[in-house]
Amino acid sequence: MAKHRGRGIASINYPIGMNLGGDPSQALVHSNPSGKFTVSLSSIDLGQGMKSVTRQICAETLGVPVEDVYVDTADSDTGPHCMGSFASRGTHRVGNAVMAAAKEARGVMMEAAAEELEVNAADLDTDGRGNIHVKGAPHRSISTKDVAIAAQFKQGKTISGRGIFLVPLSEVNPETGEMSPATCYAHACLVAEVEVDDETGEIAMVRMDSAYELGRALNPRLVEQQLVGGAWMGVSHALFETPEPYYPDPAHGPRDFVEYLMPGPGDICPHDIAVLERPAADGPFGAKGPGEMCANPVLPAVANAIFNAVGVRMDELPITPEKVLRAIKAQGGARPQARR
Amino acid sequence: MTKTPLQFRHNGRDVAVFVDGGINLLVALRELIGDMTPKFGCGQGGCGACSVLIDGEVHLSCLTLAETVNGRSIETLDGLKDGPNLHPLQRAFMEQFAAQCGYCTPGMLMAAKALLDRNPSPTRAEVIEAISGNICRCTGYEPIINAVLTAATSGRARA
């Protein structure tokens, strides 16, 4: 009876968004007379940071400070349509819609500023700090607040913009089955090291090392946060979570979330993450999305690590101690594979 | 049903309410005192979202009968900051990105506060032990553990 260490590797390609009905999301951007901008979305931020990222995208596109942008995701009854926050599509799909809306709003803002400064809009630029000035003549400037006031009370203009991102629906080739389900892919590779106890079947995570390629990281700290938390969720799917009973009688299964197993703070392991940035041609500022794919490589890597440790090929999730013990018994004992 | 008078200290302030027999402290805090910072998660003591301090010790308010805290001192997340100044734990949670959806955060902060109050220099293992009754679905715990260790270091630096 012994504890065996094993190492496993897995690589994944992860499509950003989907292509059912074109996967559209809309965004509306408008200013109020104080010169602050509101982005209206129906896309929901569950804590993954979509409000922060769409706020950055809007501010960058408008050329105003990020503090001057507010993102409202409150109500899908009154907001513009969104397919939803899933499939790692938020930053890419919603971000593109916000970018389009902010571009249109910027056009109106520059026209309104041009009228106030009595110049051509094409000669104007933003300084990113809340001012619009004549290119090459920074003293000829007006604040976005004054532009917003002039648009509202003098010129009768709405500084606003509409945006939608829609992928053309991809037909399936009847001969080959070929289609194009996504416009860009993120990639990941993860090495998991585990320790398997051949007496109890218990699996302890020892460490993880990963590399994620996800386009440009628009908010690096939020990306890191997603990758750390998402990998934990991957461990949870690999080793713990199931709504199905895992003992012979269904009555022995979890009845509620108290009995539904998830790894706790004592079950995590060191995880070294490298983020690789290869901007996507059709992403907002090159972004793809870290979303779901941060959990995906963990599962096959852990299964491979268990094989490396004790020689059993687990093909059903979650990989519970009971399943591991049965598999070890079936092959007549642990058979540690060559260390890789 | 007869209501029972109940007096206790709530974040340093004396409060008095009448409670129905059998209600738990979480309900008393949220519905009678109006302190919404302790969260209702599972209602069975399994998630830690409702954690509060009773006389400095961390307790699950969903499993605590309200009547049992008569004359005692209750601390919740609502009393953690000092006016406009965030508690070092809150600042560290923010700087370490230790929250995503935020639902576990009040309980995590109170469990961490109880730890740092009795042990200002905890080891990583002691931090893990202290928050092991609190479930987080988003962060993978690592940023939370780091935030508590950071707050301990900054607390020592100020003292």
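Tutor: Domain bounds in this discussion come from an automatic or database domain assignment. The model is predicted, so that local features need pLDDT of at least 70 and side-chain atom pairs count only at pLDDT 80 or more, whereas totals for chains, interfaces and linings use all residues. Residues are numbered from 1 along each chain as its sequence is written, while chains are lettered from A and ligands numbered from 1 in the order in which they are written.

Student: How far apart do the C-alpha centres of domain 1 of chain B and domain 2 of chain B lie?

Tutor: The assignment for chain B gives domain 1 as residues 3-78 and domain 2 as residues 88-158. Taking the C-alpha centres of domain 1 of chain B and domain 2 of chain B, the separation is 22 Å.

Student: Which strand of chain B gives the most to the side of domain 1 of chain B that touches domain 2 of chain B?

Tutor: Two residues are in contact if their C-beta atoms, placed from the backbone, lie within 7 Å, and the contact between these domains takes 15 residues from domain 1 of chain B and 13 residues from domain 2 of chain B. Strands (E, at least two residues) and helices (H or I, at least four) are DSSP runs numbered from the N terminus, and strand 3 (51-54) and strand 4 (57-60) of chain B each supply at least two residues of the domain 1 side. The most, three residues, is given by strand 3 of chain B.

Student: What is the bridge partner of B:Val52 in strand 4 of chain B?

Tutor: Strand 3 and strand 4 of chain B run antiparallel and are joined by four bridges. In strand 4 of chain B, the partner of B:Val52 is B:His59.

Student: Which helix of chain B gives the largest share of the side of chain B that touches chain A?

Tutor: The contact between the chains takes 18 residues from chain B and 16 residues from chain A. The largest share of the chain B side is three residues, and these come from helix 5 (residues 142-158) of chain B.

Student: How many residues of the side of domain 1 of chain A that touches domain 2 of chain A are nonpolar?

Tutor: Chain A is divided into domain 1 (3-16 + 182-330) and domain 2 (25-165), with 39 Å between their C-alpha centres, and 16 residues of domain 1 of chain A are in contact with 16 residues of domain 2 of chain A. In the classification used, Ala, Val, Leu, Ile, Met, Phe, Trp, Tyr, Cys and Pro count as nonpolar, Asp, Glu, Lys and Arg as charged, and the others, Gly among them, as polar. The side of domain 1 of chain A has two charged and five polar residues, and its nonpolar residues number nine.

Student: Is helix 4 of chain A oblique or roughly perpendicular to helix 5 of chain A?

Tutor: Helix 4 (residues 220-239) and helix 5 (residues 298-310) of chain A pack with their axes 8 Å apart, at an angle of about 50 degrees. Angles under 35 degrees count as roughly parallel, over 145 as roughly antiparallel, 65 to 115 as roughly perpendicular and the rest as oblique. Helix 4 of chain A is therefore, relative to helix 5 of chain A, oblique.

Student: Is helix 2 of chain A oblique or roughly perpendicular to helix 3 of chain A?

Tutor: The axes of helix 2 (residues 90-117) and helix 3 (residues 144-155) of chain A come within 9 Å and cross at roughly 85 degrees. Helix 2 of chain A is therefore, relative to helix 3 of chain A, roughly perpendicular.

Student: Which residue in the turn between strand 6 and strand 7 of chain A has a positive phi?

Tutor: Strand 6 (residues 131-134) and strand 7 (residues 137-143) of chain A pair in the antiparallel sense over four bridges, and A:Asn131 stands opposite A:Ser143. Strand 6 and strand 7 of chain A form a hairpin with two residues between them, and the turn residue with a positive phi of about 80 degrees is A:Gly136.

Key
Axes fitted to C-alpha atoms, helices over the stretch in contact; angles between N-to-C directions. Pairing = 2+ DSSP bridges.
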